[in-house]
Amino acid sequence: SPLTGVNPLGLKKPCAWLSDNIWNNVCSLSTLNKDWEPLTNEFEIYENAWKRFYESQEPLQESLPGKMKEIKTFQKLLLIKVLKPDKLVGASREYVIEAMGEKFVDPPHFNIEKSFNDSVNSTPLIFVLPGTDPMASLTKFAQLKRKFESM
């Protein structure tokens with residue numbers, strides 16, 4: 001199956017700077033469908049351009065060589081997954097911003113008063129917030145509403 005580190009084509013790695021695992025995944029990707037078939041040959045023909053992509057800190061912004069110029073931005077994420085897995089989260093974020101807008105990657109500001117007004121006394125409020133502790137805001141709000149004792 002694709003991207004498992006197995007080389008289904010048995011092709012020899014054309015670039016010394018590529019790890020065996022990455023090359024195996026490139027070969028796997030080239031078997032995915034006809035859009036990817038030229039990929040392995042492109043590494044031999046355009047080695048310097050692929051090395052530039054591989055070394056890039058922002059691979060989603062890099063131009064691709066040869067026939068790979070024609071792939072869509074979402075498909076480019078597959079290349080990033082194969083060649084630069086450490087850059088995939090950032091590139092995915094960039095892609096979502098480009099395709100859908102920044103509001104889809106930035107969490108909304110948490111409004112404790114709105115949550116309180118939408119709640120009922122028989123259902124507890126549960127806070128699931130990425131990377132933040134709501135306790136200080138909750139305590140301040142409870143004191144403001146004179147409900148601190150019932151927390």
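Colleague: Which ring does the charged end of Lys84 sit over?
Modeller: The charged end of Lys84 sits over the ring of Tyr54, 5.9 Å from its centre. A charge sits over a ring if NZ of Lys or CZ of Arg is within 6 Å of the ring centre and within 35 degrees of the ring normal. Please note that this is a predicted model: local features need pLDDT of at least 70, side-chain atom pairs count only at pLDDT 80 or more, and totals for chains, interfaces and linings use all residues. Residues are numbered from 1 along each chain as its sequence is written, and side-chain values use heavy atoms, with hydrogens and water left out.

Colleague: Is Tyr54 buried, exposed or partly exposed?
Modeller: Tyr54 is partly exposed, at a relative accessible area of 24%. Buried means under 20% relative accessible area, exposed over 50%, and partly exposed in between, with a 1.4 Å probe and protein chains only.

Colleague: How many aromatic pairs are there in the whole structure?
Modeller: The search finds 7 aromatic pairs. Rings of Phe, Tyr and Trp (its six-membered ring) pair if their centres lie within 6.5 Å; planes under 30 degrees apart count as stacked, over 60 as edge-to-face and the rest as tilted. One of the pairs joins Trp17 and Tyr54, whose ring centres are 5.1 Å apart with planes at 40°, so this pair is tilted. The pair links distant parts of the chain, 37 residues apart: Trp17 lies in the segment before helix 1 (20-29), and Tyr54 in helix 3. Helices (H or I, at least four residues) and strands (E, at least two) are DSSP runs, numbered from the N terminus.

Colleague: And Trp17, buried or exposed?
Modeller: Trp17 counts as buried, because its relative accessibility is 17%.

Colleague: How far apart are the ring centres of Phe74 and Tyr95?
Modeller: They are 5.6 Å apart, and the planes are at 55°, so the pair is tilted. This pair also links distant parts of the chain: Phe74 is in helix 4 and Tyr95 in helix 5 (residues 88-100), 21 residues apart.

Colleague: What else is Tyr95 in contact with?
Modeller: Leaving aside neighbours within four places in sequence, Tyr95 is in contact with Leu60, Thr73, Phe74 and Leu77. Contact means heavy atoms within 4.5 Å.

Colleague: Which residues form the aromatic cluster?
Modeller: Trp17, Trp23, Phe43, Trp50, Phe53 and Tyr54 form one aromatic cluster.

Colleague: Let us turn to helix 3. Which of its residues are buried?
Modeller: In helix 3 (residues 47-55), the buried residues are Ala49, Trp50 and Phe53. Seen down the helix axis, they fall within an arc of 95°, so they line one face of helix 3. The arc is that of the directions from the helix axis to the C-beta atoms.

Colleague: Why would residues three or four places apart point the same way?
Modeller: An α-helix has 3.6 residues a turn, so residues at that spacing point the same way.

Colleague: What does the face turned away from the buried side of helix 3 carry?
Modeller: That face carries the exposed residues Asn48 and Arg52. Asn48 counts as exposed because its relative accessibility is 62%.

Colleague: And what do the buried residues of helix 3 pack against?
Modeller: They pack against helix 2 (39-45) and helix 4 (73-83). Trp50, for example, has contacts beyond four places in sequence that include Trp17, Leu39, Phe43, Leu79 and Leu83.

Colleague: How many residues does the largest nonpolar core have?
Modeller: It has 23 residues, and those with the most contacts inside it are Leu18, Val26, Leu39, Phe43, Trp50, Leu79 and Leu83. Helix 1, helix 2, helix 3 and helix 4 are the elements that give two or more residues to this core. A nonpolar core is a set of buried Ala, Val, Leu, Ile, Met, Phe, Trp, Tyr and Cys residues joined through side-chain atoms within 4.5 Å.

Colleague: Finally, how many helices and strands are in the chain?
Modeller: The chain has 7 helices and 0 strands. Of its 151 residues, 30% count as buried.
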